Amino acid sequence: MKKRSMETSLADHRGKLIRSIERRLFLKQGLSLGALALLSGCELTDGEGVQKMLLAMSRWNDGAQAWLFNSTKLAPEYPESAITKPFPFNAYYGEDEVRLVDAASYKLELSGLIREKKPWTLPELYALPQTSQITRHICVEGWSAIGKWSGVRFSDFLARVGADATAKYIGFECADDYTTSIDMATALHPQTVLTFRFADQILPPKYGFPMKLRIPTKLGFKNPKHITAMYVTNEYPGGYWEDQGYNWFSGS
Ligand SMILES: Nc1nc2c(c(=O)[nH]1)N[C@H]1C(S)=C(S)[C@@H](COP(=O)(O)O)O[C@H]1N2
Ligand SMILES: [Mo]
């Protein structure tokens, strides 16, 4: 009897915990518990596993929110001394399978609701006015790292090519067949930068040569590397992880 009532109260406690964490996730991040379970590979029927995952996610989520959901709506920037060394590599495959993009034949293709659809070569992109940022990259897998990226402010690039800023989405295709898409407001955010350099060097292959769209207000998986094509559209484009249940917005 005693054991039974303890079990009941534990289950009750777990129920409350789940509901409170779900509510917070839903309100602040748009993530569902199902999505979280997917991310952490946790079996939702396993009581102990659920408990552990919830506690870990609760802690991680609090930290992530402090970094991401800044009231000024700008992601924090850091001094050079805060840069994480070595900076982690991540992709949906291992580092031995990193795609090598040929610089000489590379062209960035533009399509959809864009006036000037002429493809861009790397020398043309490198000649655009450049800006730098030292920001925190936050991966949904539970790690974060601070790095320095440089490139052209994405809003400047979009204005230059005549992208329809009233359209809803921008979709990205990458040399490794990865895809993702973002909302126009985030595309126009001042800290969203089409970057060609990491730590003042041309982006090495593992960090996304020839370019990574750096979006410090969004989770890592919304920061496409090896971009080969982008298109502006009003039709929801989805993406590699988004189509598997990851929250599409995943940012602030
Ligand atoms: N093309 C492409 N971009 C991608 C990915 C990928 O697999 N392919 N992974 C994403 C994820 S989940 C993360 S955390 C970051 C990792 O970037 P990094 O290798 O520079 O740390 O790239 C993002 N962009
Ligand atoms: Mo990630």
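The structure is a predicted model, in which local features need pLDDT of at least 70 and side-chain atom pairs count only at pLDDT 80 or more, while totals for chains, interfaces and linings use all residues. Residues are numbered from 1 along each chain as its sequence is written, chains are lettered from A and ligands numbered from 1 in the order in which they are written, and side-chain values use heavy atoms, with hydrogens and water left out.

Ala185 lies in helix α6, residues 184-187; helices (H or I, at least four residues) and strands (E, at least two) are DSSP runs, numbered from the N terminus. In the loop that runs between α6 and β6 stands His189, which is buried, with a relative accessible area of 14%. The C-alpha of His189 is separated by 8.9 Å from that of Thr217, 28 residues apart along the chain. Gly239, in the segment after β9 (227-233), is buried as well, at 1% relative accessibility, and its C-alpha atom is 9.5 Å from that of Ile182, 57 residues apart along the chain.

The next place to look is the ligand. Ligand 1 is surrounded by 21 residues, of which Pro88, Asn90, Asp176, Asn223 and Lys225 are the closest; a residue is near a molecule if one of its heavy atoms lies within 4 Å of it. By class, this shell divides into 12 nonpolar, five polar and four charged residues, where Ala, Val, Leu, Ile, Met, Phe, Trp, Tyr, Cys and Pro count as nonpolar, Asp, Glu, Lys and Arg as charged, and the others, Gly among them, as polar. Backbone N or O atoms take part at Asn90, 3.0 Å from an oxygen atom of ligand 1, and at Asn223, 2.9 Å from a nitrogen atom of the ligand, whereas at Lys212 an N or O atom of the side chain is 3.2 Å from a ligand oxygen. Taken alone, ligand 1 exposes 540 Å², and the protein buries 99% of that, with accessible areas taken from the Shrake-Rupley method with a 1.4 Å probe.

Some backbone features remain. A cis peptide bond, with omega about -5°, joins Lys85 and Pro86, and Pro86 is found in the loop between α3 (47-68) and β1 (109-112). The peptide bond from Phe209 to Pro210 is also cis, with omega near 5°, and Pro210 is in the loop between β7 (201-202) and β8 (212-214). In the loop between β6 (193-198) and β7, Ala199 has a positive phi of about 50° although it is not a glycine, and this residue is partly exposed, with a relative accessible area of 38%. Asp200, placed in the loop between β6 and β7, has a positive phi of about 65°, again without being a glycine, and at 42% relative accessibility Asp200 counts as partly exposed.

Terms used
A polar contact is a pair of N or O atoms within 3.5 Å; within protein, one must be able to donate a hydrogen and the other to accept it, and residues adjacent in sequence count only if both atoms are side-chain atoms. Buried means under 20% relative accessible area, exposed over 50%, partly exposed in between (1.4 Å probe, protein chains only).
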